[in-house]
Amino acid sequence: NGTKFSILYGSGAVEGVCDQDLVTFGYLKAQNQIFAETTKEPGLPWLVGRFDGILGMGWKEISVNKITPVFQTLMEQKEVEAGQFSFYLSATPGKGLSELALGGVDADHFTGSFTYTNVTKDGYWQIAAQKLTFGNATVNSNFQAVVDSGTSLLAFPLGKAVEMNKQLGCQDYGLECVFEACPDFNKLPVMTVTIDGKPYTLDASDYILQIQQEGQPTQCISGIMGMPALPEHLGAILGDVFMRKYYTTFDMANNRVGFALANHN
């Protein structure tokens, strides 16, 4: 429709114009959906990233130009059975088994029942957490956290991330902390995030990424990342490392997020 837009991300920027068209997801149709078309993508991530675009699943409050996000359009046009979407992130790299469910949950991908927590601020999917522990040490208490599929790792304020990675013995290279050799996971601390009184645990096998390339030894990278620009009110971003272990449903209709143990069998 000719409207200009620009977005500054944590690792790059885009600018361009806005278009309006029919957007489809399988049999779901978002009529007259406004979306952004980039004409400039300065920054290294756009050169090396293997993706065709970015699908924002947050709230309208943080949408550039106040464009209605596509899932809210699907809700308003009654295209989805329920006003929620859910992520299953596969633990098997390279197999393409991950899944985004629009309009509900996929019972094949989780076990047990969901525990829900209310969104504390519309915008990002922000919730309240009571405690973060690493081994026997309390790292943070009574803080806000964002649950975000667009963040690959677990992001914390820089000082706290450096403190935790130091216990792991990896070599800090800024945004990444790399192990010279993969450690014995059984000897490393358990991370626990307490949300609405329920502890969500991550073992070392959950928060350490094992990168396998043909003909090369397995490389281990800490899934704990420090962000110097993390807003003061945020104590954590619970990204894919967390969501891989805990199947996550984003219930937009009821302003809440639900977690259940993912089924990787």
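At 1% relative accessibility, cysteine 177 counts as buried, where buried stands for under 20% relative accessible area, exposed for over 50% and partly exposed for what lies in between, with a 1.4 Å probe and protein chains only. This is a predicted model, in which local features need pLDDT of at least 70 and side-chain atom pairs count only at pLDDT 80 or more, while totals for chains, interfaces and linings use all residues. Residues are numbered from 1 along each chain as its sequence is written, and side-chain values use heavy atoms, with hydrogens and water left out.

**Disulfides**

The partner of cysteine 177 is cysteine 170, to which a disulfide joins it; cysteine 170 is likewise buried, at a relative accessible area of 12%. Two disulfides are found when the whole structure is searched, a disulfide being a pair of cysteine sulfur atoms within 2.5 Å. Their geometry is set out below.

| Disulfide | S to S distance | Angle about the S-S bond | Handedness |
|---|---|---|---|
| Cysteine 170 and cysteine 177 | 2.1 Å | 100° | right-handed |
| Cysteine 182 and cysteine 220 | 2.0 Å | 105° | right-handed |

Cysteine 182 is partly exposed, with a relative accessible area of 34%, whereas cysteine 220 is buried at 1%. When the bonded cysteines are numbered in sequence order, the pairing reads 1-2, 3-4.

**A buried glutamine**

Glutamine 33, placed in strand β3 (residues 28–40), is buried with a relative accessible area of 5%. Its side chain is joined to that of threonine 73 by a polar contact of 2.6 Å, a term that covers N or O atoms within 3.5 Å where, within protein, one atom must be able to donate a hydrogen and the other to accept it, and where residues adjacent in sequence count only if both atoms are side-chain atoms. Leaving aside residues up to four places away in sequence, glutamine 33 touches a set of residues including Asp19, Val23, Ile67, Pro69 and Thr73, contact being taken as heavy atoms within 4.5 Å.

**Aromatic rings and a charge**

A pair of aromatic rings is described by the distance of the centres and the angle of the planes. Rings of Phe, Tyr and Trp (its six-membered ring) pair if their centres lie within 6.5 Å, and planes under 30 degrees apart count as stacked, over 60 as edge-to-face and the rest as tilted. By this rule the count comes to 17 aromatic pairs. One of them is the tilted pair of phenylalanine 134 and tyrosine 207, with 5.7 Å centre to centre and 50° between the planes. Phenylalanine 134 lies in strand β7 (residues 126–134) and tyrosine 207 in helix α4 (residues 204–207), so this pair ties together parts that are 73 residues apart in sequence. Both phenylalanine 134 and tyrosine 207 are buried. Phenylalanine 242 and tyrosine 246 also form a tilted pair, with 5.1 Å between centres and 35° between planes, and both of these residues are buried. One aromatic cluster is formed by Trp59, Phe71, Phe85, Phe87, Trp125 and Phe250.

The charged end of arginine 256 sits over the ring of tyrosine 116 at 3.6 Å from its centre, the criterion being NZ of Lys or CZ of Arg within 6 Å of the ring centre and within 35 degrees of the ring normal.

Note on methods:
Helix = DSSP H or I, 4+ residues; strand = E, 2+ residues; numbered from the N terminus.
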